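Please keep the structure in view while reading.

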Amino acid sequence: MTATIIDGRKVAEALRASLATQIATLSFQPGLAVILVGEDPASRVYVRSKDKAATSIGIAPRTIRLPADTPQSALESLIDDLNADDDVDGILLQLPLPAGLDAQAAIRRIDPAKDVDGLTPTNAGLLAAGQPALVACTPLGSMKLLAAAGVTLRGARALVLGRSVLVGKPVAALLTAADATVTIAHSRTRDLAAECRRAEVLIAAVGRPEMVRGDWVANDAVVIDVGINRLADGRLVGDVAFDEVAPIASAITPVPGGVGPMTIACLLENTLTAAIRRRK
Ligand code: NDP
């Protein structure tokens, strides 16, 4: 059997359309502030696409560009100003920050009610406690893809490959909340291939090009590939060897065109959620 390809572009487009419809009915315009420090080329591209995506659905974006040598105190005082600014519903600090800046300290400064990236300890803690939170965008997008593919998570054996604060840990918390039986694997896991083979749902978020091979995956498993890796020849690949795994899995996300498009769409959804909650 060949896997169904889970089309992240299509699911993201439907989500954006639904958000645009909801925003059109509001009596105010939600605002998203994006802070970009330094000149990292990939970050500049991401920030531009966030700006464009926000505008296209009726969210007012405000991109604040700071030089790479910005002191920590200036970055934190900008965050304080945005926290206090009534027109700003969401604050996103584009990562990575230039060397010398403390990203964790800056993130802790963001008002959790405006933390649309879901990275403050408050939102991470609420998620871990199973309480309503602003959830990190990539994990949220991964869950929406599982839902769009009609995957039953209750009772399913799920394996999350990677334990980062950005992806692995929150996606494991979301799967647990959806009643899956979750294993988290990482660089110290013994016999990773055997762990993967036991999974009915496999989420790969390691940042290692095509690490998950065909013989690591159980027949009919559902595979969500979060990885985005640029090869020396310029090709973009995931953490999963797509050509080997697609004939074995029941459903799989491609790279590009899988989880990636969902991340920005979920950022927009979080901005709308934060805007509505703040005004209640
Ligand atoms: P991190 O580097 O923060 O975490 C990687 C995780 O993978 C760690 O837990 C690490 O284990 C584990 N790991 C690394 N190497 C191995 C290995 N050889 N065997 C087993 N486990 C390993 O990465 P992120 O979570 O931030 O990102 C993961 C991937 O997802 C990247 O490719 C990134 O580009 C992509 N990504 C994609 C997004 C999207 O929008 N689609 C958004 C965010 C990330 P340990 O903890 O033991 O070190």
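Angles between axes under 35 degrees count as roughly parallel, those over 145 as roughly antiparallel, those from 65 to 115 as roughly perpendicular, and the rest as oblique. The model discussed here is predicted, and its domain assignment gives domain 1 (28-120) and domain 2 (136-260). The centres of domain 1 and domain 2, taken over C-alpha atoms, are separated by 28 Å.

**Geometry of the helix pair**
- Helix H6, covering residues 137-148, packs with helix H7, covering residues 168-177, at an angle of about 40 degrees, and their axes lie 9 Å apart.
- H6 and H7 are therefore oblique to each other, and the crossing in which H6 passes H7 is right-handed.

**Residues in the contact**
- On the H6 side the contact is made by Pro139, Leu140, Ser142, Met143 and Leu146, which meet Pro170, Val171, Leu174 and Leu175 on the H7 side.
- The residues of this contact of H6 with H7 divide into 8 nonpolar and 1 polar, with no charged residue among them.

**Surroundings of H7**
- The buried residues of H7 are Gly168, Pro170, Val171, Ala172, Leu174 and Leu175.
- These buried residues of H7 pack against H6 and helix H5 (121-128), and also against strand S5 (157-161), strand S6 (181-185) and strand S7 (201-204).
- Just after H7, the backbone at Asp179 takes a positive phi of about 75 degrees.

Terms used: Residues numbered from 1 in each chain as written. Predicted model: local features only at pLDDT ≥ 70, side-chain atom pairs only at ≥ 80, totals over all residues. Heavy atoms only, no water. Domains from an automatic or database assignment. Axes fitted to C-alpha atoms, helices over the stretch in contact; angles between N-to-C directions. Helix = DSSP H or I, 4+ residues; strand = E, 2+ residues; numbered from the N terminus. Left-handed = near helix turned anticlockwise from the far one by under 90°. Contact = heavy atoms within 4.5 Å. Nonpolar A, V, L, I, M, F, W, Y, C, P; charged D, E, K, R; others polar. Buried < 20%, exposed > 50% of the residue type's maximum accessible area, 1.4 Å probe, protein only.
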